[in-house]
Structure formats: structure tokens, C-alpha cells
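Here's a quick briefing for anyone opening this one up for the first time. Have a look at the structure, then read on.

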Amino acid sequence: MASEQHHFDLNENGDASNHHSDPEEAPKKKQKLSLISDAELRAEFAHHDGSVARINNGSFGSCPASVIAAQRQWQLLFLRQPDKFYFDHLKPSILKSRTVIKELINADDVEEVSIVDNATTAAAIVLQSVGRGFTEGRFDQGDSVVMLHYAYGAVKKSVQAYVTRAGGRVIEVELPFPVSSNDEIISEFRKALGKGKADGHKVRLAVIDHITSMPSVVIPVKELVKICREEDVDQVFVDAAHAIGCIEVDMKEIGADYYASNLHKWFFCPPSVAFLYCRKSDNKSDMHHPVVSHEYGNGLAIESAWIGTRDYSAQLVVPEVLEFLNRFEGGIEGIRKRNHEQAVEMGEMLAKAWGTNFGAPPEMSPSMVMVGMPASLGISSDTDAMNLRTHLRDCHAVEVPIYFRAPKDGEVNPITGYARISHQVYNTVDDYYKFRDAVNKLVVNKFTCNDLLH
């Protein structure tokens with residue numbers, strides 16, 4: 001992804017221009033603004049619950065007040081005169097958003113970019129296409145889909161629904177955690193591809209996370225996509241739900257056939273909106289939105305732009321989000337860099353306070369860091385991890401996901417619980433001190449997760 005900030009303006013047809021049609025009705029463009037001040041930044045997120053240490057941006061993201069206001073303008077524009085909105089504004093405005101996304105991700109053509117609700121929807125689009133390959137007899141029953149063991153749960157369910165039920169095999173890449181290097185991931189990925197190609201079968205699709213959700217680790221997607229090409233894998237889908245706004249995203253460099261990322265997690269859009277990139281080729285005509293409506297057969301991007309009457313406003317504010325991003329030094333790239341640095345720094349502070357370690361080195365961590373929690377807390381199951389998370393929310397006003405790692409045979413006093421801390425522009429150091437102090441208090445009081453079972 002280029003390092004310069006992205007500044008562009010689009011007219012109703014999606015062309016670069018300084019002209020705006022219907023200025024009295026469509027949300028109006030603001031004049032170029034100066035860098036955001038601390039007071040302005042606080043005002044943008046004043047709707048957050050100030051009593052809570054919100055260090056879980058990764059789950060639901062965050063939307064600033066100026067973007068919420070722009071979204072409200074779009075909603076009112078629809079409610080004021082729905083027919084005019086549908087015929088005059090909706091399609092060209094979605095095209096504007098697609099054009100912004102195309103530039104941000106360095107795609108070749110705007111036709112490669114579709115806007116959908118979320119990465120789960122994008123995964124369903126890709127996987128139902130693969131499933132049809134099995135049901136229609138184009139793929140053999142022994143052919144497979146390869147995916148990471150730490151793939152997002154909803155994506156695993158989609159694989160089950162569309163691929164396994166159609167007769168395809170599923171091979172999971174077993175990944176170590178904690179992890180110390182990309183080589184560990186690459187080695188396990190090669191093994192899984194070898195299983196998929198055994199007995200003359202083919203790997204029809206590789207599903208690769210760009211950032212795994214829990215535990216959170218940046219996966220070397222460029223290297224894995226290259227391996228897929230060398231090993232004659234039919235297609236590669238990168239599930240990058242957390243990626244845009246969090247790490248570098250460049251379609252030409254990554255080289256995948258499909259790539260999806262949410263815009264409401266790290267890109268400041270309101271929920272919910274995501275993009276699905278489908279690299280141009282002759283065999284993409286079988287890609288369809290799972291909700292079939294009047295635009296069926298007109299291409300995925302057009303199908304996705306109208307799936308019936310609903311609120312499309314989250315899809316229309318992407319240009320306004322770009323304006324917000326460009327109020328920060330370095331734009332989206334500057335935000336991404338500072339968030340990563342702060343997440344690592346706060347993670348190191350917590351690990352030092354608790355005498356623990358990271359689950360992945362800083363260079364394999366995005367703006368989310370896996371920090372080991374004190375072994376004395378007695379986190380011994382997924383249920384313990386969820387109960388402790390709830391306890392921290394309800395009793396200490398700290399919102400943070402916790403991951404349970406089963407101990408290995410022979411481990412002495414193992415770290416079995418890892419907190420996934422996030423850093424976004426609204427966070428302050430006090431959020432992480434609050435988390436540290438809450439855990440320290442639990443340790444001093446000899447608290448264990450067993451206490452939550454009674």
C-alpha cells in the first residue's frame with residue numbers, strides 16, 4: 001500500500017471531480033480540515049461509555065461522531081424521499097465508496113470491489129461458489145479446502161455449510177501458540193497442502209486469515225499465497241476481517257483471488273460494512289450474493305448494491321471516513337503505525353507487571369497484542385476465560401477478550417490465559433493501567449476462576 005495519504009473527491013458518477021450534484025440533498029462535503037486536536041478527538045468519541053476501559057476495538061470497532069452525523073444525513077435523505085434516493089443517489093454513491101476502497105487496497109479495477117455487510121457475508125459468497133463446484137460435479141469428492149485451525153468460527157461454520165455438506169474435505173492447518181516466527185506457520189501450511197494433494201486429489205480453495213482473531217497473530221499471507229501458486233491450489237481466499245486500517249493491505253502484492261475485510265473494525269465506519277475483492281478472471285461469473293434480489297446475474301458488485309429495502313447508509317459514508325482519517329498525521333498509515341506501537345508498549349507494560357510474556361512477537365502482532373495473564377488466576381477452560389471476561393466487565397469496568405490455551409504435557413505453571421488488548425485512537429494509557437490494577441487486585445485477593453462457578 002502506498003505510504004502517501006489518500007485524498008480524493010468523487011462526483012455522482014464516481015469520477016474524480018470537485019463538483020457535487022444535488023448539493024441541497026446529498027451530504028455536503030466539508031472543506032479541508034486541519035489536523036485533529038486532542039479536544040476534537042475526545043469529542044469525536046464522547047458517545048463512548050467513559051467509565052469503561054474499552055480495550056477491545058477488535059471486536060466491534062468504533063465510529064466517530066462526525067461519521068455518525070454523515071450517516072444520519074444519508075438516512076434522512078432516504079426517509080425524506082425514498083424513490084429519489086433509490087433512483088438518483090444509491091447506486092452512484094455506492095460506486096463512490098467502492099472507488100475509494102479500490103484506491104486504498106491498490107486493486108486494478110473498481111469492478112473487483114463489492115460492498116457487503118461483513119467479512120462473514122464475504123466468506124459465504126466465496127464458499128457457496130466452491131460448494132457448487134462439488135454439487136455440480138466439477139470437483140471430485142476427495143478434493144479439499146485448506147483452512148487455518150484458528151480460522152474465525154463463523155467462517156468454519158460456512159465451510160461446514162457449503163463445502164462439507166457438498167462432499168468436500170476440510171483440512172485444518174495446525175498452528176502453534178504461542179508462536180515465535182513465520183517459519184512455524186509456513187511449515188505447518190505446507191504440511192496441510194501435502195495432505196490435500198495426497199492420492200492425486202486437488203486443493204480447490206485455501207482460506208487464509210490475514211490476522212487471526214483469537215489468538216491474534218499476523219499471518220504471512222504473501223508467502224502463503226505464493227506457496228499456493230507453486231502447489232497448484234485452485235483459488236485463495238484471504239479472510240482479513242481485521243486488516244484494513246490495522247495493517248498494510250495491497251491486492252497486487254498479496255496476489256489472492258479473493259480478499260475480504262470489515263470497514264467497521266479498524267476503518268471507523270459504522271456497523272456494518274465490508275468489502276470483498278475478487279481478482280478479475282474469466283471464472284468469477286459464478287460469484288453471487290447469498291441474498292438474491294432483482295440484480296441477480298448482473299455481477300457481484302451490482303447484486304450486492306441492492307439486496308432489497310434496507311439501511312444502506314453505512315456503505316455510503318466511506319468518503320467521509322477518509323476525510324476523518326486524513327485529519328491525523330500520516331492519515332490511515334500514520335494511525336496504523338501509532339496504534340501498533342502503542343499496543344506493543346501497553347502490552348509490554350502489562351507483561352512486566354504480571355511476569356508473563358506475549359503470545360506472538362511484536363512484528364507478528366497488529367494493533368492487537370496477546371498478553372499472558374497470571375497463572376494464579378486458574379484459567380483452565382474456554383468457560384473460565386469467558387467468565388473472567390464477564391467478571392472484568394461487570395465488576396471492574398474493563399472490556400477485553402481472554403483466550404484459553406490448553407497447556408502442553410509436562411508444562412510447569414503454564415500461562416493458559418491471554419488477554420487480547422487493542423489500541424485505537426481514542427484509547428489512553430489509563431485504560432491499560434485500569435486493566436493492570438484490576439488483575440493485580442484479583443491476584444492479591446487470591447482470586448481464581450473457580451470462584452466464578454459458585
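Ala 397 sits in the loop that links helix H14 (382-396) to strand S10 (398-399), and its phi is positive, about 55°, although it isn't a glycine. Helices here are DSSP runs of H or I with at least four residues, strands are runs of E with at least two, and both are numbered from the N terminus. Keep in mind that this is a predicted model: local features need pLDDT of at least 70, side-chain atom pairs count only at pLDDT 80 or more, and totals for chains, interfaces and linings use all residues. Residues are numbered from 1 along each chain as its sequence is written, and side-chain values use heavy atoms, with hydrogens and water left out.

- Most residues other than glycine have a negative phi, and most peptide bonds are trans.
- You'll find Asn 106 in the loop between H4 and strand S2 (113-116).
- Asn 106 is partly exposed, because its relative accessible area is 27% (buried means under 20%, exposed over 50%, partly exposed in between, with a 1.4 Å probe and protein chains only).
- The peptide bond from Met 214 to Pro 215 is cis, with omega near -5°; Pro 215 belongs to the loop between strand S5 (203-209) and helix H8 (221-230).
- Pro 271 and Ser 272 are joined by a cis bond too, omega being about -5°, and Ser 272 lies in the loop between strand S7 (258-262) and strand S8 (274-278).

**The chain as a whole**

- There are 15 helices and 12 strands in the chain.
- A compact globule of 454 residues would have a radius of gyration near 22 Å, and the chain has 23 Å, so the two agree (the radius is taken over C-alpha atoms, and the globule rule is 2.2 Å times the number of residues to the power 0.38).
- Along the principal axes, the C-alpha atoms fill a box of roughly 65 × 65 × 40 Å.
- Buried residues account for 56% of the 454.
- Of the contacts between residues at least 6 apart in sequence, 69% join residues at least 24 apart (contact means heavy atoms within 4.5 Å).

**The seven-stranded sheet**

- Seven strands make an open sheet with mixed pairing, in the order S2-S8-S7-S6-S5-S3-S4 (two strands pair if DSSP finds at least two bridges between them).
- S2 and strand S4 (169-173) are the edge strands, each pairing on one side only.
- From one strand to the next, the twist averages 20° (axes are lines fitted to C-alpha atoms, for helices over the stretch in contact, and angles run from 0 to 180 degrees between N-to-C directions).
- Strand S3 (residues 144-148) pairs with S5 in the parallel sense over four bridges, and Met 147 has Val 207 in S5 as its bridge partner.
- Helix H4 packs on this sheet, touching S2 and S8, and its direction makes about 120° with that of S2.
- Helix H6 lies across S3, S4, S5 and strand S6 (235-239), running at about 175° to S3.
- Ser 158 has its place in H6 (residues 153-164) and is buried, because its relative accessible area is 9%.
- Leaving out residues up to four places away in sequence, Ser 158 touches Ala 124, Leu 127 and Val 163.

**The three-stranded sheet**

- An open, antiparallel sheet has the order S9-S12-S11.
- Strand S9 (368-372) and strand S11 (402-404) are at the edges with a single partner strand each, so one side of each has no neighbour in the sheet.
- Neighbouring strands here are turned by 30° against each other on average, direction ignored.
- Five bridges join S9 to the antiparallel strand S12 (residues 417-422), with Met 370 opposite Arg 420.

**Nonpolar cores**

- The largest nonpolar core has 88 residues, and those with the most contacts inside it are Ile 105, Phe 189, Ile 208, Tyr 259 and Phe 267 (a core is a set of buried Ala, Val, Leu, Ile, Met, Phe, Trp, Tyr and Cys residues joined through side-chain atoms within 4.5 Å).
- Helix H4 (residues 82-104) gives this core its largest share, six residues.
- Beyond its neighbours within four places in sequence, Phe 267 is in contact with residues including Leu 104, Ile 244 and Val 318.
- A second, separate core of 31 residues includes Met 346, Phe 358, Val 371 and Met 373.
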